[in-house]
Amino acid sequence: MVNSTGRRIRRATAAEGAGESGLAKLIELHALNSFGDMLITIALASTIFFSVPTGEARGRVALYLLITMAPFALLAPVIGPLLDRLPHGRRAAMAMSMLVRAVLAWTMAGTVSTGGLALYPEALGVLVASKAYGVVRSVVVPRLLPPQLSLVKANSRVTLAGLLATGIAAPLGAGLHLIGPGWPLRGAFLVFVIGTLMAFHLPHKVDSAKGEQRAVLHSEYNPAGHHLGRPHHPEVNPLPAEQPAKATLRTVGPSVILALRAVASLRWLVGFLVMFLAFLLRDDPVGGLAPTATLGIVAFAAGAGNALGSVLGSWLRTRGSEATVTAMLLLATVAAVAATLWYGLVTVALVAGAAGVAASLSKLALDALIQRDVPEAVRTSAFARSETLLQLCWVAGGAVGILLPLNGALGLSVAAAMVGLALLVTVRSLFKVGLRGPATRPRVA
């Protein structure tokens, strides 16, 4: 039975040329990564969340954000440029992120039961290593893309494998926690050791950086003075020999910027809901259910929404990506407004599920636009920088969720206002993009 299941999984991951291109190996590695991260999350949540009173737990999570997220906010902008300087060591970078988490998971297994301050710098190391892996993975996928798959469908398959692994790891981690608080971390140690070895089995072309350049996330015009959203014609606007063109985020055109802003606001919403609802429903559960049951229902809705977004992403086409991210913002706004006006278990689960669908599907739409509009020379760098920006937005949303009073209507109204404002900006940008017509793929000198 186990061998038969394993063969079916292998056939699924290797379908449509993914086995020949090496994408199947990355899918399996990402599933292992998500499995290990979930085990660590369960161990930390049981220590800083469920094991202490609500007021003290909020303080502990706030401290966790301060000690881990704040330094990460400073480190995250460095991760992308640092990895740009190591284009020939991506397999080694992924293996190192796994190895670091393996060592830290084993170390935390001895300190998690006390919940002391020593746990927080260790958690910082795990967080930074996990995000570094995420950035590298985002730039590796295009290198392993089989001809039969679009980048969106490939990313959707990778993401869905991670979600399935997370779903399997959650009950297993809970069972290990019943043995002892350190056992989920010991399980994570074993998972990440295996992941370290698997990273070196990725194809050698993962380390190829032929033709790549760096992308800088600012400026509408390049140093030579021509608009980077349009093709450059040397005979009309020659570039000075001493000042070569540098690709910037505007090189990708206004569509990618529109999508990046929208996805960033949705990531903010997800981070906010994770932190705010976790404490709100623990302190004041809705629907007459126990806190754990309420949290379980909302978490299931969020996970189901995330999975649904990944599945829908396999049918996404680049032509409608701008409309897709706008529609996802509209969905999240309507759900947040409904939860504000009719606060209850159904509407809270609805907003969690809508946020999951919107964040997942809009991220895949952003990937599609980067594939469509970004020159190949700067595409991997654009992926790295957009990923770090989205992670920081999640951190910002989580911080707001911790700081707000535990009032359901108040918190959800703040969420509705934020995504509503982002929706207005996005619609305005969509109107301008529509007036300009379809983006042309610019060239990089």
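Which residues in α9 meet which residues in α12? The views below take you there step by step.

**View 1. The whole chain is built from 14 helices and zero strands.** This is a predicted model, in which local features need pLDDT of at least 70, side-chain atom pairs count only at pLDDT 80 or more, and totals for chains, interfaces and linings use all residues. Residues are numbered from 1 along each chain as its sequence is written, and side-chain values use heavy atoms, with hydrogens and water left out. Helices (DSSP runs of H or I, at least four residues) and strands (E, at least two) are numbered from the N terminus. Of the 445 residues, 53% count as buried (under 20% relative accessible area; exposed is over 50%, partly exposed in between, with a 1.4 Å probe and protein chains only). Among contacts (heavy atoms within 4.5 Å) with a separation of 6 or more, 85% come from residues 24 or more positions apart.

**View 2. Helix α9 (residues 254–283) packs against helix α12 (residues 345–373).** The angle is about 155 degrees and the axes are 9 Å apart, which makes α9 roughly antiparallel to α12. Axes here are lines fitted to C-alpha atoms, for helices over the stretch in contact, with angles from 0 to 180 degrees between N-to-C directions; angles over 145 degrees count as roughly antiparallel, under 35 as roughly parallel, 65 to 115 as roughly perpendicular and the rest as oblique.

**View 3. Here are the residues where α9 and α12 meet.** From α9 come Ser255, Val256, Ala259, Leu260, Val263, Leu266, Arg267, Leu269, Val270, Leu273, Leu277 and Leu281. Their partners in α12 are Val348, Val351, Ala355, Ala358, Ala359, Ser362, Lys363, Leu366, Leu369, Ile370, Arg372 and Asp373.

**View 4. Helix α10 (residues 291–313) has 23 residues.** From first C-alpha to last, α10 reaches 33 Å, close to the 33 Å expected at 1.5 Å a residue (1.5 Å times one less than the number of residues). Its buried residues are Thr294, Leu295, Val298, Ala301, Gly305, Gly309, Ser310 and Gly313. The elements covering them include α7 (151–179), α9 and α12.

**View 5. Helix α8 (residues 183–199) has 17 residues.** The buried residues of α8 are Pro184, Leu185, Gly187, Ala188, Val191, Phe192, Gly195, Thr196 and Ala199.

**View 6. Ser34 lies in helix α3 (residues 23–48).** Ser34 counts as buried because its relative accessibility is 12%. Leaving aside residues up to four places away in sequence, Ser34 touches Gly162, Ala165 and Thr166.
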